[in-house]
Each structure stands twice: as C-alpha cells, then as structure tokens.
Amino acid sequence: MKFISKRIKTKEDIFSAMTVTEELANEQEFSIHDVIKMRLATEEACTNSYEYCRAKGMSYFLIKWSATPSLIEITVRQKGKASFPLIEQADVNTGLRGRGIALMVHLMDKVEIRRRKNCVELYMNKWKGE
Amino acid sequence: MQIYQRSRVTILDIKSEITIKNSDLFRTTMQRLLNHPSLHLILNLEHVTYLNSSALGIIADIAIKAKEAEKELVITGIQSPMNEIFEVVKFDTFMKIFSTAEEAIDYFEQH
C-alpha cells in the first residue's frame, strides 16, 4: 500500500494534488476514464476546502492518498466544523456555483463526511473496475 | 481557445483542458463569445478531455445570458467521460447539445 500526504496552500498546490492523483491512479493501472474522474474529484474537493480556508483566514488544509492496485482513497482534511452538504440536487442549477459536491458523489464510489475533534474530513474512494 | 466564424455562426473551439489554472481565461473567452454580434454561438468541446465545475458554471451562466440577449449558445463534441458530467448537471434541460459542430450549424440554419 502506498501513502502520500500534502499540505495545500495555493491553486498551484491544488493542480499538483491533481497530478498526484493522476500518477497514483496510473501506477495502479486504473482505466483512463477512472483516472480523469479521480483527478476531477480531487480538484473539486480541494477547491471546496481552498475557498473555505480562504474565507476563514486559514492558510492551508491537508490531502492524503492511500493506494492499492484495487482501491484509491483520498481524504481532504480542513480545520473547523464546516460541513460539506452531500445532497443530490433535484433541481437544475443554472448558476455559476454549487455543482462540485454533486460531481464528486457521481465520480467516486464512496463520498462521506467524517467529523473529527477539531477538523472535518471529506473521504472518497474508488475501486478499480466499479 | 479560438473564436472563429462559419456562415452565421460563431464558434469557440477549446483546445485544452479547463482546470483551476485556466478557468479565469475560459471565463473571459466565453464572455468574448457572448459579446460577439452573432446570434448563434457554439462552444465546441471535441478536444476537451477534462473540465471542472467552475467551467460548468461559466457555461451555464453564459447560456442564460445569451438567452436574455436573444442569442443561443449550444455545446458540441462532448467527449467521454465528460458526457457523464453533463448528464449529472442536466445541461440538456436548458441548452441544446449536439454531437458535432456540423449538426449544430445545420440546426441554426433551420432556425
């Protein structure tokens, strides 16, 4: 099993995190489509936390990966108690924002919120071939 | 990102993925497309293998603004797996999506 973690402070770091996901998924020989989906879920999760941290004056958040040949797990951890509303949108959204969570839920096999003592984690995983 | 004219239709051809790195440029370019005098606008995504939710928001916003200006923006050439993304966000309920730019041009010529 392979573990990686990274501190995210800037948009450039988010792009770098997307590359980590892509490289890990390629190493584990996930399909091209699954690699794209995990890369996009990484960008959406990180952008969500990046905007939250900027609004709250926090300088960084963490992202962690764990990878095996059959499973990739990604966890984004931010300080505070803010939640990610994991709600499927029934109505059509024609606005500028508010699609990131719905995309993550669709792109990954599992997406859940884990509340810790002083932080909130967004956990997502994808199985090969699911 | 290249804007060009084909008969009465203006086409924006995207040649790269759209990520957090270039979504501001995409926003500016989409605004340029909207500001073009043509009433018929095509966003061609046939070379795009990746776009983020920010890009989706920009597309939706410009599509609605086009309608308000009595113009029409359509999307062409969505590639797999991005087609799944467009199904999730139900863009086909408020704008037309075609397989190719030629199909979209035919549609505009009949309207």
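Predicted model: local features only at pLDDT ≥ 70, side-chain atom pairs only at ≥ 80, totals over all residues.
A salt bridge is here a side-chain nitrogen of Lys or Arg within 4 Å of a carboxyl oxygen of Asp or Glu. Residues are numbered from 1 along each chain as its sequence is written, chains are lettered from A in the order in which they are written, and side-chain values use heavy atoms, with hydrogens and water left out.

**Interface of chains A and B**

- The interface brings 28 residues of chain B into contact with 26 residues of chain A, contact meaning heavy atoms within 4.5 Å.
- About 2,300 Å² is buried between chain B and chain A, 63% of it on carbon and sulfur atoms; buried area is the accessible area (1.4 Å probe) that two parts lose on being put together, summed over both.
- Glu12(A) and Lys21(B) form a salt bridge through their side chains, at 3.4 Å from N to O.

**Helix packing in chain A**

- Helices (H or I, at least four residues) and strands (E, at least two) are DSSP runs, numbered from the N terminus.
- Helix H1 (residues 11-27) and helix H2 (residues 32-56) of chain A have axes that come within 9 Å and cross at roughly 150 degrees; axes are lines fitted to C-alpha atoms, for helices over the stretch in contact, and angles run from 0 to 180 degrees between N-to-C directions.
- H1(A) and H2(A) are therefore roughly antiparallel, given that angles under 35 degrees count as roughly parallel, over 145 as roughly antiparallel, 65 to 115 as roughly perpendicular and the rest as oblique.
- The crossing of H1(A) and H2(A) is right-handed; the near helix is turned from the far one by less than a right angle, clockwise if right-handed and anticlockwise if left-handed.
- Contact residues include Ile14(A), Phe15(A) and Met18(A) of H1(A) and Val35(A), Met38(A) and Tyr50(A) of H2(A).
- The contact of H1(A) with H2(A) comprises 9 nonpolar, 4 polar and 4 charged residues, where Ala, Val, Leu, Ile, Met, Phe, Trp, Tyr, Cys and Pro count as nonpolar, Asp, Glu, Lys and Arg as charged, and the others, Gly among them, as polar.
- H2(A) also packs with helix H3 (residues 100-107) of chain A, their axes coming within 9 Å and crossing at roughly 145 degrees, in a left-handed crossing.
- Among the residues that meet there are Leu40(A) and Ala41(A) of H2(A) and Ile101(A) and Leu103(A) of H3(A); by class the contact has 7 nonpolar, 2 polar and 2 charged residues.

**Helix packing in chain B**

- Helix H1 (residues 23-35) and helix H2 (residues 53-68) of chain B pack at about 15 degrees, with axes 10 Å apart, which makes H1(B) roughly parallel to H2(B).
- Their contact involves residues including Phe26(B) and Met30(B) of H1(B) and Ile58(B) and Ile62(B) of H2(B), and divides into 8 nonpolar, 3 polar and 2 charged residues.
- H1(B) and H2(B) cross in a right-handed manner.

**Local features**

- The side chains of Glu27(A) and Lys2(A) form a salt bridge at 2.9 Å, N to O.
- Glu27(A) lies in helix H1 and Lys2(A) in strand E1 (residues 2-8) of chain A, so the pair ties together parts 25 residues apart in sequence.
- Glu29(A), although not a glycine, has a positive phi of about 60 degrees, and is placed in the loop between H1 and H2 of chain A.
- Ser80(B) and Pro81(B) are joined by a cis peptide bond, with omega about 0 degrees; Pro81(B) lies in the loop between strand E4 (72-76) and helix H3 (82-88) of chain B.
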